[in-house]
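Here are some exercises to work through with the model open beside you. Try each task before reading its solution.

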Amino acid sequence: VSAFALGLATVAPASTPDSLVEDGSFELGGFSGFKSFGAVITQRAEEASSGKYAVKLPPGAGIVCTIPVKPNTRYEYRVWGRALSSNPQEGIRVGVNRLKGQKPINRGITTLEYTARSVFFTTGPEDTKVDIFAFRDGGMSDGFVDDITVKEAPLAETPAAPAEAAK
């Protein structure tokens, strides 16, 4: 009988505090709110950024998750990912879609080691939900994503004006 069956196994938290993504670390062993298009959950710790589960993205595969957002609010969508090829044509695209009046926003991951990529976005006055995605571009090798979060992000601070010289 396995330790898991006896209830002795430990499982990482299903979500990160303040994140709008349920189980973005995939430690529950499933997609928990994500839709998969050819992606699979891998249970090999060496393929995960943390914990023991991650999403394996074969060429052409992807995941998408619809999350609730507040209008007129700035967010950070953060993904840890790695590609098994440093060829930019074989990278992973991570981004945000369904922002009213805006084109999809995305960034690439083409590193061989896990690297965090952030996509910052600001919702409009009518936005109440957006899609976050990660997909694998063409090519021959797989990619992996893990530890996905979406959190409210403060607006970038404007540097203070220099103090006036004393008179």
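A polar contact is a pair of N or O atoms within 3.5 Å; within protein, one must be able to donate a hydrogen and the other to accept it, and residues adjacent in sequence count only if both atoms are side-chain atoms. Please keep in mind that this is a predicted model, where local features need pLDDT of at least 70, side-chain atom pairs count only at pLDDT 80 or more, and totals for chains, interfaces and linings use all residues. Residues are numbered from 1 along each chain as its sequence is written, and side-chain values use heavy atoms, with hydrogens and water left out.

**Exercise 1. Find the backbone atoms that lie by the polar side-chain atoms of Thr 123.**

Step 1: Locate Thr 123 in the loop between strand 8 (115-122) and strand 9 (129-136). Strands (E, at least two residues) are DSSP runs, numbered from the N terminus.

Step 2: Leaving aside neighbours within four places in sequence, Thr 123 is in contact with residues including Pro 71, Tyr 75 and Leu 99.

Step 3: Check the accessibility. Buried means under 20% relative accessible area, exposed over 50%, and partly exposed in between (1.4 Å probe, protein chains only). Thr 123 has 4%, so this residue is buried.

**Exercise 2. How are the rings of Tyr 75 and Phe 121 arranged?**

Step 1: Recall the rule. Rings of Phe, Tyr and Trp (its six-membered ring) pair if their centres lie within 6.5 Å; planes under 30 degrees apart count as stacked, over 60 as edge-to-face and the rest as tilted.

Step 2: Apply the rule, which gives 3 aromatic pairs. In the pair of Tyr 75 and Phe 121, the ring centres are 5.4 Å apart and the planes are at 20°, so the pair is stacked.

Step 3: Tyr 75 belongs to strand 5 (residues 74-83) and Phe 121 to strand 8, so the pair ties together parts that are 46 residues apart in sequence. Both Tyr 75 and Phe 121 are buried.

**Exercise 3. In what order do the 5 strands of the open sheet run?**

Step 1: Follow the pairing, for which DSSP must find at least two bridges between two strands. The order is 1-4-9-6-7, with antiparallel pairing.

Step 2: Find the edges. Strand 1 and strand 7 (105-109) each pair on one side only.

Step 3: Zoom in on one pairing. Strand 6 (residues 92-97) and strand 7 are antiparallel over 5 bridges, and Val 94 has Arg 107 in strand 7 as its bridge partner.

**Exercise 4. Compare the phi values and accessibility of Phe 26 and Ser 32.**

Step 1: Most residues other than glycine have a negative phi.

Step 2: Read the angles. Phe 26 has a positive phi near 60°, and Ser 32 has a positive phi of about 35°.

Step 3: Phe 26 is buried at 0% relative accessible area, whereas Ser 32 is partly exposed at 22%.

Technical notes:
Helices (H or I, at least four residues) and strands (E, at least two) are DSSP runs, numbered from the N terminus. Contact means heavy atoms within 4.5 Å.
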